There are 4 protein chains.
Amino acid sequence: MKNEIGNILRLTTFGESHGVAIGGVLDGFPARVKISMERLREQVARRRPGQSALTTQRRESDDVEFLSGIMDGVTLGTPIGFIVRNADQRSADYDELRQVFRPSHADYTYQAKFGIRDHRGGGRASARETVARVVAGALAGQLLEQKGVTVSAYTSQIGDVRLERSYAELDLTAVYDNDVRCPDSALVAPMTEALASARMQHDTLGGIVSCVVSGLPAGVGEPVFGKLQACLASAMMSIPAAKGFDYGLGFDFANRRGSEVVDEFVMRDGKVRTLTNYSGGIQGGISNGEDIVMRVAFKPIATLMREVKTVDLDGNETTLVARGRHDVCAVPRAVPVVEAMAALTVLDAMLEAGF
Amino acid sequence: MKNEIGNILRLTTFGESHGVAIGGVLDGFPARVKISMERLREQVARRRPGQSALTTQRRESDDVEFLSGIMDGVTLGTPIGFIVRNADQRSADYDELRQVFRPSHADYTYQAKFGIRDHRGGGRASARETVARVVAGALAGQLLEQKGVTVSAYTSQIGDVRLERSYAELDLTAVYDNDVRCPDSALVAPMTEALASARMQHDTLGGIVSCVVSGLPAGVGEPVFGKLQACLASAMMSIPAAKGFDYGLGFDFANRRGSEVVDEFVMRDGKVRTLTNYSGGIQGGISNGEDIVMRVAFKPIATLMREVKTVDLDGNETTLVARGRHDVCAVPRAVPVVEAMAALTVLDAMLEAGF
Amino acid sequence: MKNEIGNILRLTTFGESHGVAIGGVLDGFPARVKISMERLREQVARRRPGQSALTTQRRESDDVEFLSGIMDGVTLGTPIGFIVRNADQRSADYDELRQVFRPSHADYTYQAKFGIRDHRGGGRASARETVARVVAGALAGQLLEQKGVTVSAYTSQIGDVRLERSYAELDLTAVYDNDVRCPDSALVAPMTEALASARMQHDTLGGIVSCVVSGLPAGVGEPVFGKLQACLASAMMSIPAAKGFDYGLGFDFANRRGSEVVDEFVMRDGKVRTLTNYSGGIQGGISNGEDIVMRVAFKPIATLMREVKTVDLDGNETTLVARGRHDVCAVPRAVPVVEAMAALTVLDAMLEAGF
Amino acid sequence: MKNEIGNILRLTTFGESHGVAIGGVLDGFPARVKISMERLREQVARRRPGQSALTTQRRESDDVEFLSGIMDGVTLGTPIGFIVRNADQRSADYDELRQVFRPSHADYTYQAKFGIRDHRGGGRASARETVARVVAGALAGQLLEQKGVTVSAYTSQIGDVRLERSYAELDLTAVYDNDVRCPDSALVAPMTEALASARMQHDTLGGIVSCVVSGLPAGVGEPVFGKLQACLASAMMSIPAAKGFDYGLGFDFANRRGSEVVDEFVMRDGKVRTLTNYSGGIQGGISNGEDIVMRVAFKPIATLMREVKTVDLDGNETTLVARGRHDVCAVPRAVPVVEAMAALTVLDAMLEAGF
């Protein structure tokens with residue numbers, strides 16, 4: 001609930017966008033796991049803004065300071081606390097927002113719930129919070145790798161540019177080679193163009209992030225309310241701007257016939273396997289040994305460089321034009337966040353299942 | 001985790017399809033709430049199979065016995081325990097399944113996880129478990145109504161017959177007047193036909209259930225990992241055969257521009273309201289006072305009256321033809337289940353928020 | 001919280017004393033565990049009243065009906081639901097209590113909290129609820145035994161008759177051979193006499209239940225807030241009428257010097273062991289391989305066959321003389337309840353630690 | 001479980017004694033609460049060592065840095081993250097402990113559980129972790145005060161010097177006026193002497209901390225497993241070196257008769273009150289409006305300046321003489337920790353009960 005997620009492996013995050021720091025506590029992480037800090041910093045850097053012409057020009061200092069739980073590069077089994085200090089805070093940019101609610105943002109709902117809010121940069125609702133998820137997810141990802149499990153997210157749609165090819169034909173290790181994080185090199189240019197064009201028009205774009213988990217053994221996930229897909233859905237829908245989740249054929253199941261999409265069983269290498277994977281690697285909430293395949297839909301960034309109607313704290317109607325530096329599309333930077341949430345969820349389920 | 005859901009209002013369910021009973025414990029339900037048992041039994045009956053030519057001809061006894069937590073029709077604030085005994089168990093129908101895994105079912109994954117399973121009728125993974133959700137959801141729904149909140153689910157797609165009209169133009173109180181549970185009377189015949197045709201071909205269909213929550217005040221839902229949409233997604237994805245969840249424009253956001261879909265604020269009747277509701281009633285995880293609008297995609301029923309390839313417990317490849325009595329499409333009977341999960345989730349969030 | 005306990009192994013109970021049934025759901029119990037129903041019924045019978053002249057003459061039907069989670073005597077890994085129906089309900093005995101609060105009972109506090117209460121026999125606050133704990137504890141105990149862990153509770157004090165000998169000198173398997181549940185046969189007569197004398201005087205007695213867990217390997221328990229002693233304390237203090245918990249030397253540590261009570265380490269049979277066990281088998285919240293030794297203090301039964309001052313629902317001062325059939329001392333019947341709570345807590349911690 | 005405590009108000013702590021920092025995240029704290037940082041720092045200072053001749057001469061920097069959740073001295077309703085950096089780390093003092101387990105400490109059990117441990121100053125098991133509790137407890141205490149509830153802990157026994165007077169006759173606001181934290185000024189000298197004498201003999205002492213919660217309304221606490229005394233017991237038994245908990249008459253109930261200790265009801269100022277408070281302010285797990293009265297027993301500090309037998313990591317028997325700077329008795333510095341745990345638990349229960 002609230003600011004924590006997970007059962008056995010539990011991440012608690014804290015921090016406002018323009019407060020002192022964003023941080024997290026990862027509890028339940030196994031002892032004696034070697035952590036490569038170098039790789040971790042690379043992974044965290046992927047979420048950072050200001051990396052390309054495509055993303056916001058804010059410079060965020062994403063230097064992670066680990067405070068506990070790791071000694072000499074090895075985990076202790078105790079909670080791993082870490083913080084990322086907030087730098088480059090042009091809080092004055094946000095002064096206008098003390099009084100005015102940005103439409104399609106969380107300003108009004110936080111005010112309604114708490115009767116107070118940190119108006120600077122979205123406060124607690126800012127996507128900056130996801131830096132803590134990426135740090136924790138990177139730790140989870142390193143342990144998953146040691147267990148033979150890989151998690152790969154990638155951009156599969158930006159605006160109307162859509163990846164139609166299956167991930168099986170693509171090289172998912174190359175995702176971060178381009179700024180849009182699309183593994184199909186043929187789509188990098190059109191996606192980049194779509195972003196540039198939207199920016200020129202002071203507009204923003206939505207899109208879809210896909211994610212594949214490979215190497216997960218059968219038997220991971222819990223029955224009924226603890227289904228693996230329920231945990232994944234919850235994790236993904238907790239990402240700012242995420243509006244939809246599906247797995248396997250997902251929404252495309254709706255107009256398919258059962259006979260077309262049954263995943264028949266065969267024996268392969270002495271293991272029970274399926275001929276197809278329409279189900280997306282999960283049956284009855286429990287992994288079946290096939291790849292877990294899922295998608296997360298993102299709405300267009302709500303901050304528009306255009307005038308929009310809104311109201312203020314005192315209930316007066318007014319208008320607002322966004323200032324500051326903002327992304328055109330959440331998707332490229334959401335790729336490492338989806339990856340992190342998948343890694344945390346899958347590792348949690350593995351630990352719960354005794355793997 | 002596992003067999004329970006909710007934070008303040010917590011439902012635990014138990015029971016295998018062909019065991020003694022399916023049951024539930026609803027803890028955290030407020031005291032002094034009047035419960036109409038008559039209405040509750042009506043709501044539970046909606047989930048029952050054997051109601052029409054469209055659904056399975058199994059007769060399930062869905063008589064609910066309340067064991068605790070309610071005295072003289074009023075809740076005590078103590079846990080509400082209830083059971084529904086399993087009758088009409090033609091368990092012998094399932095003898096073949098001791099040895100063989102049904103494809104696209106949970107037989108293999110339960111075996112992989114637990115090393116044992118109740119093979120009769122899906123055991124714990126059977127959709128029969130949802131009767132406990134519907135009982136608990138009916139209790140939640142009655143309290144929500146007393147708080148001015150209504151939850152309405154309905155069939156919006158069966159196979160390729162799709163409801164295109166907005167719920168705002170339809171009468172959601174009429175959903176249960178027809179067997180397909182579609183509020184657009186013009187679609188009842190085509191949906192019924194699609195089901196009949198699939199049954200004739202020994203095939204099955206997928207579809208979509210939509211759900212609307214009206215009357216929810218602003219300020220319900222928790223930040224970050226406790227976002228209302230994350231809780232709803234988890235609840236919905238825990239329903240058997242559910243494969244996707246979205247809310248507001250959902251996956252359709254992917255190819256929309258920000259300027260098209262911003263929900264501008266206005267004042268209406270002294271309240272902050274939005275001009276449009278693309279967001280689906282939630283911003284930053286917290287309700288904004290508009291309708292909560294969501295969809296849940298269901299795969300076609302996996303039990304086919306056709307021969308499918310599979311393997312047995314000993315790792316031999318074999319084939320299987322389903323017997324017994326099965327639905328063609330999960331959607332009509334999933335409507336009350338989606339409604340129940342929405343009611344439980346929303347009431348839980350309201351109680352957490354102090355409403 | 002509320003009506004459930006445990007992390008991995010989770011027990012939820014429900015039921016009022018004079019409602020339809022008392023029941024429980026035990027979730028997280030491992031699969032493929034053989035359960036002896038015969039032994040279980042024996043263990044449950046130990047809690048039942050009406051067994052001797054010492055305990056209340058109410059006859060409670062303690063027939064357990066298992067509803068799920070066990071097939072052919074073997075656990076399925078799914079939740080184990082069970083109920084014990086309430087029979088012999090002389091509810092009319094309690095009519096007077098609709099209006100009047102029994103002093104030192106939960107009548108007033110339930111009314112203050114919920115604004116309603118089931119006045120019959122204590123309702124939810126009745127010690128009858130513990131039958132569900134004993135059922136679940138018996139299941140836990142059987143699995144613990146299979147893991148080489150035994151849990152033995154016994155009466156160590158009734159009124160001013162106190163067991164001074166160490167459990168190491170006594171035969172804890174003989175506890176249930178006498179009605180006071182004291183393993184020192186020399187104390188059975190004086191304890192029985194103390195009970196009889198109190199009953200004659202229409203009075204009641206307090207006492208202490210001790211409990212020993214043997215065979216627990218080192219490494220069970222969690223650091224900081226999940227300490228094994230914190231979990232045990234919480235479990236024990238949730239028993240009706242329990243007023244104190246300590247372990248190892250407990251309160252007697254207060255006036256001891258460190259040099260007297262340090263548990264020095266030695267090697268024995270290739271294992272790290274302690275020369276003494278003042279600590280009671282736990283260091284830093286984690287078991288060290290020695291016996292876990294603890295005590296639970298119980299207050300005298302609050303129901304007195306004498307006139308006591310009280311107030312009624314309308315705030316009028318009045319008096320009350322208890323009627324009905326009541327125990328003189330909670331301790332003998334609390335012995336199996338303490339045992340159950342210890343078994344549940346220790347098994348939960350073992351499962352969490354991966355044993 | 002593990003490193004977090006609480007239901008609605010949830011504290012997660014992290015940090016090893018000689019790591020970078022000790023920290024905490026307090027989630028669920030209400031919004032719009034004014035916090036006095038000055039008072040908070042005073043309260044945190046009470047736990048700090050090096051304050052008097054009685055306590056360890058280690059100088060710990062207990063400067064709290066708040067990282068989130070508070071803006072302009074007012075809480076935001078978002079998680080309050082904070083850290084206290086570890087300074088004055090003479091880690092070299094601890095080099096010997098890499099290989100050797102200190103008896104009656106958590107060295108061996110952490111090694112058994114995790115297969116690794118931070119050997120410096122007790123690592124995660126160090127009482128230094130309690131600084132995070134005191135910070136969080138001070139926040140809780142300030143809100144409790146605004147709600148009219150006060151929490152006062154005090155030393156009631158050190159070695160064989162025991163406070164016999166009731167708290168009702170003493171001034172609990174004067175507890176921190178002396179170094180032993182005893183509100184009976186007549187006992188300050190004998191307690192101080194007992195401590196000095198033990199130190200001279202290179203020995204240590206146990207003792208008891210008592211705690212009183214005043215002003216709590218009736219109706220706080222949950223039934224069955226969520227009883228207020230169960231939550232308090234768990235919180236107290238999670239404090240390092242705590243070995244026993246009781247409330248009301250506690251263990252002294254054991255040899256009392258029911259007729260002596262029944263808390264009869266009367267009306268006072270229009271409220272239901274009790275004539276006596278043997279019960280310690282709780283009936284059936286729920287507060288009755290009287291003072292909550294409890295005790296926590298502490299064992300003598302296990303670190304002795306004498307030679308003790310022990311074993312090393314390789315299973316060799318050896319001996320150890322403690323070096324470094326250590327307290328003689330945990331009690332004086334445990335007083336603010338007990339107070340903190342009581343404040344956190346009571347506030348959590350109040351929030352759960354809707355106060």
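In chain D of this predicted model, five strands make up an open sheet with antiparallel pairing, ordered E1-E2-E3-E7-E4. Strands here are DSSP runs of E with at least two residues, numbered from the N terminus, and two strands pair if DSSP finds at least two bridges between them. The edges of the sheet are strand E1 (4-5) and strand E4 (64-66) of chain D; each has a single partner strand, so one side of each is left without a neighbour in the sheet. The partner of E1(D) is examined next. E1(D) pairs with strand E2 (residues 10-14) of chain D over two bridges, in the antiparallel sense. Ile5(D) has Leu11(D) in E2(D) as its bridge partner.

Residues are numbered from 1 along each chain as its sequence is written, and chains are lettered from A and ligands numbered from 1 in the order in which they are written. Local features need pLDDT of at least 70 and side-chain atom pairs count only at pLDDT 80 or more, while totals for chains, interfaces and linings use all residues; side-chain values use heavy atoms, with hydrogens and water left out.

Within chain A, strand E10 (residues 207-214) and strand E16 (residues 292-298) run antiparallel and are joined by seven bridges. Val212(A) stands opposite Val293(A) in E16(A).

Chains C and D are also linked through strands. Strand E11 (residues 242-247) of chain C and strand E11 (residues 242-247) of chain D run antiparallel, joined by three bridges. Gly244(D), in E11(D), is the bridge partner of Asp246(C).

The interface of these two chains involves 101 residues of chain D in contact (heavy atoms within 4.5 Å) with 101 residues of chain C. Together the chains bury about 8100 Å², 63% of it on carbon and sulfur atoms; buried area is the accessible area (1.4 Å probe) lost on being put together, summed over both parts. Phe225(D), Lys243(D) and Phe265(D) supply 11% of the area that chain D buries against chain C, more than any other three residues.

Four salt bridges cross the interface of chain D and chain C, a salt bridge being a side-chain nitrogen of Lys or Arg within 4 Å of a carboxyl oxygen of Asp or Glu. Lys113(D) forms a salt bridge with Glu222(C), with the closest N and O atoms 3.1 Å apart.

Chain D can be laid on chain C by a turn of 180° and a shift of 0.0 Å along the axis, with an RMSD of 0.0 Å, using least squares on the C-alpha atoms of residues with pLDDT of at least 70 in both. The two copies are thus related as by a two-fold rotation axis. Of the interface residues of chain D, 100% are also interface residues in chain C, so the copies meet through the same surface.

Terms used:
Helices (H or I, at least four residues) and strands (E, at least two) are DSSP runs, numbered from the N terminus. Buried area is the accessible area (1.4 Å probe) that two parts lose on being put together, summed over both.
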